[in-house]
Amino acid sequence: MARASNASVYSPQLLAQKYGSRPIKVALRTLEIFTGLGTFALKLLLDDRQGLLDQRKRQRAAELRGIFTRLGPTFVKIGQGLSTRPDICPPEYIEELSELQDALPTFPDAEAFVCIERELGLPLDSIYSTISPSPIAAASLGQVYKARLKYSGQVVAVKVQRPGIEEAIGLDFYLIRGLGFLINTYVDFISSDVVALIDEFARRVYQELNYVQEGQNARRFKKLYADKADVLVPDIFWDYTSIKVLTMDWVDGVKLSEQAAIEKQGLKLLDLVNTGIQCSLRQLLEYGYFHADPHPGNLLATPDGKLAFLDFGMMSETPEDARFAIIGHVVHLVNRDYEAMAQDYYALDFLSPDVDVSPIVPALRNFFDDALNATVSELNFKTLVDGLGNVLYQYPFNVPAYYALILRSLTVLEGLALYADPNFKVLAASYPYFAKRLLTDPNPYLRDALIELLFKDGRFRWNRLENLLVQGSKDRDFTANEALQPVLKLLLGPDGEELRALVVKEAVCVAEAVVLGTMMDTYNSIPEPLRSLMPNGNALPFRIDDGDRERMLEFRDRVFRIWGLLRSSDNFDPSLLLPILQVLQEPEARILGGRVVGGISQRLAARLLQQVLRS
């Protein structure tokens, strides 16, 4: 920790003081940037005029990668961000810019080894018994060597920061921030605060320069998420870590973008991507602490089938209120409740409280009614991002930095999956997690979202409950025990009168369907000659038309399937019913039971009366 005491932090004021008095240096760098990017823009304009824009995409993409590389670390980071945005860049550009992840120019090894000795205060040969003579990989801010620790013999990865990196990115962010002021002032169609977004990005890049902080990030990430057998996070060696040198476990693996190499090991890319999606959902919506830079170079498939996370320099957090609001937003999307979706943008911090959301509702309805021809799970994540993006541009939205990073994380994972399966849908893969959270999380916001999903117009939607249980059971952490207890507490709590009235109504229908359905099954099992002895030759003391009979049997069968899903849970424990029996002894539960029995009696009496009147 003492080695991190001199770590730099991003300060726009300090950068303005530093470079405001150095106009020649600023002018030269500005000329260099405009020359590189301006030449590229001119070539695109000529291609468009000549009708060759599509034919030369690959060529221009390679040129842009070269320009970003020559312009240095700041623009390499920008290129890395663009490489994960298929909603902005064509596939040719994404493929070329993806090479910026770890195939970058290296700096001299001698400088790297001097940096290690200076930072750790020890001769190189007293730390490592061996170290690779050249870097294994080079990233935007540093390069990585493979070494063996002298004291333990453990194989480690040693990341060394590029010399002069802080000076380079400081000047670039000073210039980019000035451009942001111009955009905020003169560009009307961009409603977001561009300077705030630049500051957020710069702050995170500066955090990446502090390798001690990165080590702490890795330790926290491992504590939260490496409890799963299929997720691997390397350990940090603190005695050999400083601001500019990071030493961690060496991880053997293949990048997720190398599908052929993954399958050669007998692994399936989609399984690994699904592991990444489930882990990302836990990061985003459970603990709120997430890896904000999950490009293919930072995700490895290990030989034993684990997904390894690397590079913890750029991390972010989802506010607690926003985590629940995101899940609620998905529920509102499933229900096509666009008014509620618009209200969610307050909780998500997209809109200030004084903004009227009523004009936004028609825009949401127009997009989603067209997009949701099938189910939400069939909606491509890129389609969702593009559609919401069009809505965001039309209204005074201010997209928080954490949300942009969430979109980036899920877009990267979906992009990787689409290489293996063009029909892959990240929302469908996310359904089990959302279903489990809705069924098991006792948070009041999610409990209300569950009720909203299951009840409509005073009727219980049993098909929704069955689908939630089917999807939730696909999540390895789902248990029926957790799904039942919060529902009971909610039903019999002091604020549950409205829900109890709905439950009584449904319980009457369930009991009637089970009783009458059982009577019909019993009748059908009686030999044909004996059926003639039954009153009216019928299983019931009254007649039910064929349509009602089919609906009743179908309803009963669905209830039985739901009970079967609960019982089939790996962790289902019959002793779970003991608390239910205790709850049923409470006065409120006895009253509820009496109302159900009374309701059943009334329905049966009504059917009998109907039969008498018909006769």
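Is Lys 57 buried, partly exposed or exposed? Lys 57 is partly exposed, at a relative accessible area of 22%; buried means under 20% relative accessible area, exposed over 50%, and partly exposed in between, with a 1.4 Å probe and protein chains only.

The views below come from a predicted model, in which local features need pLDDT of at least 70, side-chain atom pairs count only at pLDDT 80 or more, and totals for chains, interfaces and linings use all residues. Residues are numbered from 1 along each chain as its sequence is written, and side-chain values use heavy atoms, with hydrogens and water left out.

**View 1. The chain as a whole.** The chain contains 26 helices and 13 strands; helices (H or I, at least four residues) and strands (E, at least two) are DSSP runs, numbered from the N terminus. Of the 615 residues in the chain, 48% are buried. Among contacts between residues at least 6 apart in sequence, 70% join residues at least 24 apart, a contact being heavy atoms within 4.5 Å.

**View 2. The salt bridge of Asp 54 and Lys 57.** The closest N and O atoms of Asp 54 and Lys 57 are 3.6 Å apart. A salt bridge is a side-chain nitrogen of Lys or Arg within 4 Å of a carboxyl oxygen of Asp or Glu, and the structure holds 23 of them. Asp 54 is exposed, with a relative accessible area of 55%, whereas Lys 57 is partly exposed at 22%.

**View 3. The salt bridge of Glu 96 and Arg 65.** Glu 96 pairs with Arg 65 in a salt bridge whose closest N and O atoms lie 2.9 Å apart. Glu 96 belongs to helix H5 (residues 91-98) and Arg 65 to helix H3 (residues 57-71), so the pair ties together parts that are 31 residues apart in sequence. Glu 96 is buried, at 10% relative accessibility, while Arg 65 is partly exposed, at 23%.

**View 4. The salt bridge of Asp 235 and Lys 222.** Here the closest N and O atoms of Asp 235 and Lys 222 are 3.6 Å apart. Asp 235 is partly exposed, with a relative accessible area of 36%, and Lys 222 is partly exposed at 28% relative accessibility.

**View 5. A salt-bridge network that includes Asp 47.** Salt bridges link Lys 43, Asp 47, Arg 56, Arg 60 and Glu 63 in a network. Asp 47 lies in helix H2 (residues 23-50) and is buried, at 1% relative accessibility. Leaving aside residues up to four places away in sequence, Asp 47 touches Leu 52, Leu 53, Arg 56 and Arg 60.

**View 6. Helix H9.** Helix H9 (residues 194-208) has 15 residues and spans 21 Å from its first C-alpha to its last, close to the 21 Å expected at 1.5 Å a residue; the expected span is 1.5 Å times one less than the number of residues. The buried residues of H9 include Val 194, Val 195, Ile 198, Ala 202, Val 205 and Tyr 206. Among them are also Asp 199, Glu 200, Arg 204 and Glu 208.

View 7. The axes of H3 and helix H4 (residues 73-82) come within 6 Å and cross at roughly 145°. Axes are lines fitted to C-alpha atoms, for helices over the stretch in contact, and angles run from 0 to 180 degrees between N-to-C directions. Phe 68, Thr 69 and Leu 71 of H3 meet Pro 73, Phe 75, Val 76, Gly 79 and Leu 82 of H4. By class, this contact of H3 with H4 has six nonpolar, two polar and no charged residues; Ala, Val, Leu, Ile, Met, Phe, Trp, Tyr, Cys and Pro count as nonpolar, Asp, Glu, Lys and Arg as charged, and the others, Gly among them, as polar. The axes of H4 and helix H8 (residues 165-186) come within 8 Å and cross at roughly 65°. H4 is thus roughly perpendicular to H8, a term for angles of 65 to 115 degrees.

**View 8. Helices H13 and H18.** Helix H13 (residues 320-335) packs on helix H18 (residues 426-440) at an angle of about 105°, with the axes 11 Å apart. The two helices are therefore roughly perpendicular to each other. Phe 324, Ile 327, Val 330, Val 331 and Val 334 of H13 make the contact with Tyr 431, Phe 434, Arg 437 and Leu 438 of H18. By class, the contact of H13 with H18 has eight nonpolar, no polar and one charged residues.

Notes: Angles under 35 degrees count as roughly parallel, over 145 as roughly antiparallel, 65 to 115 as roughly perpendicular and the rest as oblique.
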